[in-house]
Amino acid sequence: MKAFYTDHYVLPLPPGHRFPMEKYSQLRSLVSQLPGVTLEEAPAITDTQILYAHDASYLIQIIEGKLSPQEQQEIGFPWSLMMVERSRRSAGATLAAAKVALKEGVAVNLAGGTHHAYRNKGSGFCVFNDSAITARALQKEESPNLKVAIVDLDVHQGNGTAAILKNDASIFTLSLHGENNFPFTKEISDLDIGLPDQCQDDQYLTALHHSLDLLDDRFKPDFIIYLAGADPHEGDRLGKLSISKEGMRLRDQCVFQYGLDRQIPVAFSMAGGYGKEINSTVDIHLQTIQTALHFHQAN
């Protein structure tokens with residue numbers, strides 16, 4: 001199973017910054033020890049591919065470093081050339097994983113899941129929306145009739161993704177998230193399921209099964225982009241849900257089983273994870289990759 005990484009493009013962040021940048025190199029180090037996984041350096045996404053989902057004026061602002069202090073604050077990262085390069089590589093990794101998954105069934109981006117980026121602005125540690133770019137790029141570069149479902153199981157609603165794709169009937173946006181968590185003004189996905197604070201395994205998994213049944217009834221995708229956020233886990237300091245490690249494994253299993261049963265390729269990204277202990281976030285991400293590997297070998 002191919003795993004695309006970008007962790008050597010590390011942003012220069014100020015001391016005490018709350019984004020857990022080091023989780024990516026820790027995860028890559030552990031993944032490198034898994035038999036059956038091949039690590040690949042992520043390619044950079046092109047300007048043309050970024051424009052499948054973003055406005056040209058926004059892309060120019062990013063490239064030229066013309067973001068205002070308020071716009072940088074909304075993204076959560078100070079602008080730098082490394083920020084631009086890492087954002088290109090992170091989106092490029094999801095697209096590369098998707099193109100591999102079309103041929104091999106499953107592939108992963110060890111970063112990505114930047115679902116708060118809108119067509120004309122970044123937000124919430126997200127610069128380019130890798131899922132929206134990838135869905136559109138697959139349709140433009142691989143198969144024009146491909147029906148893509150974005151299954152977003154990060155604890156935060158995929159607001160940017162929903163906004164970019166709201167009038168696109170060929171791409172289905174599904175978001176299962178904490179109702180009372182960021183973003184506090186939600187967008188309208190094709191299917192939104194908001195969960196209460198302290199939601200536990202049974203309620204979460206019931207909601208997930210229900211949402212995948214609705215996806216099947218309403219859309220029948222040919223391809224899945226899966227955002228496997230670690231932040232619904234009970235050990236996450238921003239998540240507000242109470243899903244156990246085993247519950248997280250069952251969540252991943254549910255999505256990969258859905259794909260395998262219907263022979264739908266799945267490209268997945270790590271998305272959010274802000275554990276009180278960074279090791280717990282890395283552990284959840286690693287478990288997702290191990291679960292995917294099991295299904296890849298069964299395919």
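Predicted model: local features only at pLDDT ≥ 70, side-chain atom pairs only at ≥ 80, totals over all residues.
Helix α9 spans residues 245-262, and helix α10 covers residues 278-298. The two pack at an angle of about 30 degrees, and their axes lie 9 Å apart. Angles under 35 degrees count as roughly parallel, and α9 is therefore described as roughly parallel to α10. Their crossing is right-handed.

Which residues of the two helices meet? On the α9 side they are K245, M248, R249, R251, D252, Q253, F256, Q257 and L260. On the α10 side, the partners are D283, I284, Q287, T288, T291, A292, F295 and A298. Sorted by class, this contact has seven nonpolar residues, five polar and five charged.

I now turn to the largest pocket. How much space lies in it? The computed value is about 490 Å³. Its lining consists of 34 residues. Those that lie nearest the centre of the pocket are F19, H116, G124, F125 and Y274.

At least two residues each come from α1, at 23-31, from α4, at 69-75, and from α5, at 81-104. The helix that gives the most is α5, with four residues.

Of its residues, 15 are nonpolar and 14 are polar, while five are charged.

Thank you for your attention.

Notes: Residues numbered from 1 in each chain as written. Heavy atoms only, no water. 1 Å grid on protein atoms, 1.4 Å probe; cavity = no way out; pocket = protein on both sides within 12 Å on 5 of 7 lines; lining within 4 Å. Points joined across faces, edges and corners; volume = space filled by probe spheres on them. Nonpolar A, V, L, I, M, F, W, Y, C, P; charged D, E, K, R; others polar. Axes fitted to C-alpha atoms, helices over the stretch in contact; angles between N-to-C directions. Parallel < 35°, antiparallel > 145°, perpendicular 65-115°, else oblique. Left-handed = near helix turned anticlockwise from the far one by under 90°. Contact = heavy atoms within 4.5 Å.
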